[in-house]
Amino acid sequence: MSPDVMPEAQVAPTMTEPGNKTDRAHSRARAARRRKIAVMAARVLLLVAVLGLWEAFSRAKVIDPFNFSMPSKIWDQVYAWVMHGTAQGPLGEQIWYTLYEALLGWVLGVIVGVVFGIVLGRITFLADVLGPYIKVLNSIPRIVLAPIFMIWFGLGPASKVASAVVLVFFPVFFNAFQGAREVDRNLVANARILGASNRRVTLQVVIPSATSWIFTSLHVSFGFALIGAIVGEYLGATKGIGLLISQSQGTFNTAGVYAAMVILAVVALAAEGLLTFAERRIFRWKPTGSDS
Amino acid sequence: MSADISPAIQLRGASKIFRTPSGGLHTAVRELDLTVGRGEFVAVVGPTGCGKSTTLTLVSGLEEPTEGDVLVAGEPVRGVGDKVGFVFQQDATFPWRTVLSNVMAGPRFRGVPKAEAKQKAREWLARVGLAAFEDRYPHQLSGGQRKRVALAATFVNDPEILLMDEPFSALDVQTRALMSDELLELWSGTGASVVFVTHDLEESIALADKVVVMTAGPATVKQVFDIDLPRPRKVESVRLEPRFIEIYREIWESLGEEVRITRERGAAHVA
């Protein structure tokens, strides 16, 4: 693709020599368009090449088709799940279960994390007292709590929600805490001079200025919520994508594991898109380009 | 002392000592005596970093004096009072609020009903010439426009005491002169007492009734000069009057010495 583009880029300067302004703008716009197309084409090409090689190697038995499966089989598996449902019920139900657990865990974790973060950020005494304990808790790899939650809350959604909550809580907490701590002192002083009470300062100055910190953590933490739900389901569940993975693994259905991964990726990307959309609406007051 | 005849602001032997992060003590102001009459415009000039701003935070109630008394309208200051307005050096508009909402913030914080607050805010926005910008966010405005928002947000509270901490120092020279004129105009109708901190001597003479010269840090009052230039003044033209230049020379003789001391200290510190 790129050989097509290069000569065009080199021709452009000679075209501009007559000094025609619109001409120059034109060729620049065309070069930009061409670049975009080239990038897209290269992306598609890369995907086709990887999938094609995988398929070809697998069919030619260069790699073991039983262990590594192949794209066509994965596609067949996704198709079968979509059309005929999975062993434990329709595919939509599995997705919904996982999403429900992840979302519930995420929302709870975010609420608790934000509340704790803001409160500790505002009340230095509490932060000093609880600081070391939070550090210790944070140093535990929290995924190991999933089996304990399984024992406490059983096979139902509760244990998955709990693992999602503990995974989500910490990043959100630390960001909210940091956000509350780094509030512009001038803004707080200004609010107090204008007549704001302590409560008003927290609600109308600290929380709004901490939102950009909190939102950064929301992106990361939704991924964590999904991990919590999936691992929980993997350890033991009656429904969900995690169960799909563990059953496919149990029956040596490699294509099934990959297919579940594909479905998960789609779900995660959709959620990410929704979050970005919400962020744009909330941060209308921000200059564009200051935050990704 | 009855509240009616007491001066707007009185500092009596006020000192402020801060604890630095490294554990040391830093005296920002010491034994400060200063009186500001009702409706008086007082400018405080001094070398950079001498503790001028601390004087304002003491009067506003944001900080308490370590020693001495600070009185506003004859009453000792306890916490942030509702008589005080403060225009900060840095931008202190709330970036997530629209211009209108920024100006409404003060009245809303003080419990004024929404409709009334909105109406008052619109009046002040019109007075600072930003009526057409009420739906904008601060980042969409220029520095001068943001300063106007800050002025409107301060004046809308009808402050009896107006504290200004180098409010125009971040603006370019032309905008600064324009804003100074606007400030004088806005102020003239209110009868508020003003303490205006600056390191720009010209600005202070052009604006004030009284110029207070501070010593090099820790700051205390060195000398007070009455400015007998007639009002109303236009900042740009008053600068060229012979009397202005005379006053400037007189005050600079006093201020220049402190500036030199500060500079020498800085040099010694670097060496």
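Biologist: In β2(B), what is the bridge partner of B:Gln10?
Modeller: B:Thr35 is the partner of B:Gln10 there. Keep in mind that this is a predicted model, where local features need pLDDT of at least 70, side-chain atom pairs count only at pLDDT 80 or more, and totals for chains, interfaces and linings use all residues. Residues are numbered from 1 along each chain as its sequence is written, with chains lettered from A and ligands numbered from 1 in the order in which they are written.
Biologist: How many bridges link β1(B) and β2(B)?
Modeller: Eight, with β1 (residues 9-19) of chain B running antiparallel to β2(B). Strands here are DSSP E runs of at least two residues, helices H or I runs of at least four, numbered from the N terminus, and strands pair if DSSP finds at least two bridges between them.
Biologist: And what is the order of the open sheet?
Modeller: β2-β1-β4-β5 in chain B, with antiparallel pairing. β2 (25-36) and β5 (75-76) of chain B are the edge strands, each pairing on one side only.
Biologist: Switching to helices: at what angle do α2(B) and α4(B) cross?
Modeller: Roughly 30°, and the axes of α2 (residues 99-109) and α4 (residues 143-155) of chain B come within 7 Å. Axes are lines fitted to C-alpha atoms, for helices over the stretch in contact, with angles from 0 to 180 degrees between N-to-C directions.
Biologist: Parallel or antiparallel, then?
Modeller: α2(B) and α4(B) are therefore roughly parallel, a label for angles under 35 degrees.

Methods:
Parallel < 35°, antiparallel > 145°, perpendicular 65-115°, else oblique.
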